[in-house]
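Trainee: Hi! Could you walk me through a structure today?
Mentor: Happy to. Have a look at it here, and then ask away.

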Amino acid sequence: MTVKLKKCNREDLKILQKISIETFNDTFKDQNSPENMKAYLEKAFNLIQLEKELSNISSVFFFVYVRNEVAGYLKVNINDAQSEEMGDETLEIERIYIKNQFQKHGLGKYMLNHAMEIARERNKKKIWLGVWEKNENAIAFYKKMGFVQTAAHAFYMGDEKQTDFIMMKTLL
Ligand SMILES: CC(C)(COP(=O)(O)OP(=O)(O)OC[C@H]1O[C@@H](n2cnc3c(N)ncnc32)[C@H](O)[C@@H]1OP(=O)(O)O)[C@@H](O)C(=O)NCCC(=O)NCCS
């Protein structure tokens with residue numbers, strides 16, 4: 001399998017929107033109401049919002065390609081771009097999404113390793129993320145990758161208040 005990563009820029013905006021909506025839908029639509037899904041998708045993945053995130057110097061998006069197809073994406077945040085106030089010694093993985101047909105082939109691990117490389121280059125001590133308490137698949141993946149639950153925070157899916165586990169890994 002030929003795999004490569006590419007940092008996203010503004011020309012990638014439309015593709016980023018498409019894969020963000022597709023993977024979010026595939027992951028969460030069975031456990032959430034259509035109204036809440038629609039509200040979240042419109043708020044999180046409209047072009048203005050994504051363009052703003054792409055131009056934030058403390059956030060970076062990457063596409064992972066298998067052969068020449070975009071198979072997934074990663075978004076990492078540092079400093080003020082992190083969705084919780086964690087300080088400047090941590091890096092957040094805000095999004096790590098692999099399209100259904102490419103899951104369980106090592107791509108999630110590949111992207112996570114890339115996030116850890118960025119964290120080390122920037123002298124971060126820890127890497128963290130928020131994951132929905134009902135997303136058992138992702139939680140099992142993160143545990144396998146050495147993350148432990150340290151806290152929880154609220155996450156709004158439309159008007160529904162949900163609980164995200166905060167999971168953390170110390171970089172050696
Ligand atoms: C969660 C996700 C990123 C994992 O990526 P992936 O490419 O499917 O996982 P990988 O193939 O890289 O797996 C890496 C390791 O984790 C293990 N793993 C992956 N999913 C697992 C699961 N559900 N249960 C137990 N182990 C799991 C693999 O067996 C593998 O172990 P190994 O290193 O011993 O071979 C991917 O499944 C995904 O995009 N899911 C939908 C979106 C989502 O939930 N994103 C996270 C939002 S917080």
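What follows is a chat about a predicted model.

Trainee: Let's start with the ligand. How many residues surround the ligand, and which are the closest?
Mentor: The ligand has 21 residues around it, and the closest are Ile98, Gly106, Lys109, Asn137 and Lys144.

Trainee: What kinds of residues make up that shell, by nonpolar, polar and charged?
Mentor: The shell around the ligand divides into 10 nonpolar, eight polar and three charged residues.

Trainee: Okay, and how far is the side chain of Lys144 from the ligand?
Mentor: An N or O atom in the side chain of Lys144 sits 2.5 Å from an oxygen atom of the ligand. For the side chain of Lys109, the distance from such an atom to a ligand oxygen is 2.7 Å. Gly108 takes part through its backbone: one of its backbone N or O atoms lies 2.8 Å from an oxygen atom of the ligand.

Trainee: How much of the ligand does the protein bury?
Mentor: The protein buries 78% of the 940 Å² that the ligand exposes when taken alone.

Trainee: Which elements give two or more residues to the shell?
Mentor: They are strand S4 (90-98), helix H4 (107-121), strand S5 (126-132) and helix H5 (136-144). The largest share, six residues, comes from H5.

Trainee: Tell me about H4, then. How many residues does it have, and how far does it reach?
Mentor: H4 has 15 residues and reaches 21 Å from its first C-alpha to its last, close to the expected 21 Å. Its buried residues include Gly108, Met111, Leu112 and Ala115. After H4 comes Asn123, which has a positive phi near 60 degrees.

Trainee: And which residues of H1 are buried?
Mentor: Among them are Leu13, Leu16, Ser20, Thr23 and Phe24.

Trainee: Why do residues three or four places apart point the same way in a helix?
Mentor: An α-helix has 3.6 residues a turn, so residues with that spacing point the same way. As for its length, H1 covers residues 13-28 and reaches 22 Å, close to the 22 Å expected.

Trainee: Switching topic: how do S6 and S7 pair?
Mentor: Strand S6 (residues 148-157) and strand S7 (residues 160-170) pair in the antiparallel sense, over nine bridges. As one example, Ala154 has Thr163 in S7 as its bridge partner. The hairpin has two residues between the strands, and Gly158 there takes a positive phi near 60 degrees.

Trainee: What about Tyr156, where does it lie?
Mentor: Tyr156 lies in strand S6. Tyr156 counts as partly exposed because its relative accessibility is 45%, which falls between the 20% and 50% cut-offs. From Lys126, Tyr156 is 30 residues away in sequence and 25 Å away in space, C-alpha to C-alpha.

Trainee: One more: is Gln82 buried or exposed?
Mentor: Gln82 counts as buried because its relative accessibility is 6%, and the cut-off for buried is under 20%. Gln82 is in the loop between strand S3 (69-78) and S4.

Trainee: What does the side chain of Gln82 reach?
Mentor: The side chain of Gln82 reaches the backbone oxygen of Gly87 at 2.9 Å. The Gln82 side chain also makes a polar contact with the side chain of Thr90, at 2.7 Å.

Trainee: And where is Ser58?
Mentor: Ser58 is in the loop between helix H3 (47-54) and strand S2 (59-66). With 14% relative accessibility, Ser58 counts as buried.

Terms used:
Residues numbered from 1 in each chain as written. Predicted model: local features only at pLDDT ≥ 70, side-chain atom pairs only at ≥ 80, totals over all residues. Heavy atoms only, no water. Helix = DSSP H or I, 4+ residues; strand = E, 2+ residues; numbered from the N terminus. Expected span 1.5 Å × (residues − 1). Buried < 20%, exposed > 50% of the residue type's maximum accessible area, 1.4 Å probe, protein only. Near = heavy atom within 4 Å. Polar contact = N/O pair within 3.5 Å; in protein donor to acceptor, adjacent residues only side chain to side chain. Areas by Shrake-Rupley, 256 points an atom, 1.4 Å probe, with all protein chains shown as cover. Nonpolar A, V, L, I, M, F, W, Y, C, P; charged D, E, K, R; others polar. Pairing = 2+ DSSP bridges.
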